[in-house]
Amino acid sequence: MKLTKSQLKEMIKEELLNEQMDIRSTFYQLGDAIENLEWLNNRNTTLNKDRTIVKITRQMKKTHDQLYKHLEKTYEGWD
């Protein structure tokens, strides 16, 4: 049986919906980790608001937002 691109995409969507809790919890754990890194950098006197960490945290937040938008657009109801 040869699968078309649309059939394969539908199979992936179904599988994703079956694994919804795993993706949802992983997504939110990632967001929490980014927030914790930012909080630690702002309050830890040793790090003293390290500019590199600030820059990387900002990039991670942007990437996390892009991931959210992708999941919303591609896998309706994932959250």
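# Reading a helical model: accessibility, charge pairs and contacts

Q: Does K61 count as buried, partly exposed or exposed?

A: K61 counts as partly exposed, at 33% relative accessibility. The cut-offs are these: buried is under 20% relative accessible area, exposed is over 50%, and partly exposed lies in between (1.4 Å probe, protein chains only). Keep in mind that this is a predicted model: local features need pLDDT of at least 70, side-chain atom pairs count only at pLDDT 80 or more, and totals for chains, interfaces and linings use all residues. Residues are numbered from 1 along each chain as its sequence is written, and side-chain values use heavy atoms, with hydrogens and water left out.

Q: How do I read a salt bridge, and with which residue does K61 form one at 3.0 Å?

A: Start with the general idea. Side chains of opposite charge can pair when their charged atoms come close. Here the test is a side-chain nitrogen of Lys or Arg within 4 Å of a carboxyl oxygen of Asp or Glu. K61 passes it with E38, the closest N and O atoms being 3.0 Å apart. This pair links distant parts of the chain: K61 is in helix α3, E38 is in helix α2, and 23 residues separate them. Helices here are DSSP runs (H or I, at least four residues), numbered from the N terminus, while strands are E runs of at least two. E38 counts as partly exposed, at 27% relative accessibility.

Q: Which residue meets E35 in a salt bridge?

A: K61 again: its side chain meets that of E35 at 3.7 Å, N to O. E35 sits in helix α2 and K61 in helix α3, so this bridge ties together parts that are 26 residues apart in sequence. E35 is partly exposed, with a relative accessible area of 41%.

Q: How many salt bridges does the structure hold?

A: Four. One of them joins D79 to R24, with the closest N and O atoms 2.9 Å apart. That pair also links distant parts: D79 is in the segment after α3 (51-74), R24 is in helix α2 (residues 20-43), and they are 55 residues apart. D79 is partly exposed at 38% relative accessibility. R24 is partly exposed too, at 33%.

Q: What span should α3 have, and what separates its end C-alpha atoms?

A: The expected span is 1.5 Å times one less than the number of residues. For the 24 residues of α3 that gives 34 Å, and the end C-alpha atoms are 34 Å apart, which agrees. Now look at which way side chains point. An α-helix has 3.6 residues a turn, so residues three or four places apart point the same way. The buried residues of α3 are T57, H64, L71 and T74.

Q: Which backbone nitrogen does a side-chain oxygen of D50 reach at the start of α3?

A: That of T52, to within 2.8 Å. A polar contact is a pair of N or O atoms within 3.5 Å; within protein, one must be able to donate a hydrogen and the other to accept it, and residues adjacent in sequence count only if both atoms are side-chain atoms.

Q: What does N41 touch, leaving out residues up to four places away?

A: Contact means heavy atoms within 4.5 Å. N41 touches L47, N48, K49, D50, I53 and V54. N41 lies in helix α2 and is buried, at 2% relative accessibility.

Q: Which residues form a nonpolar patch on the surface?

A: Patches take residues with over 30% relative accessible area and no salt bridge; like charges are joined within 9 Å, nonpolar side chains (Val, Leu, Ile, Met, Phe, Trp, Tyr) within 5 Å. Areas come from the Shrake-Rupley method with a 1.4 Å probe; for residues, only the protein chains shown count as cover. L8, M11 and I12 form this patch, with about 270 Å² of accessible area together. M11 belongs to helix α1 (residues 5-18) and is partly exposed at 44%.
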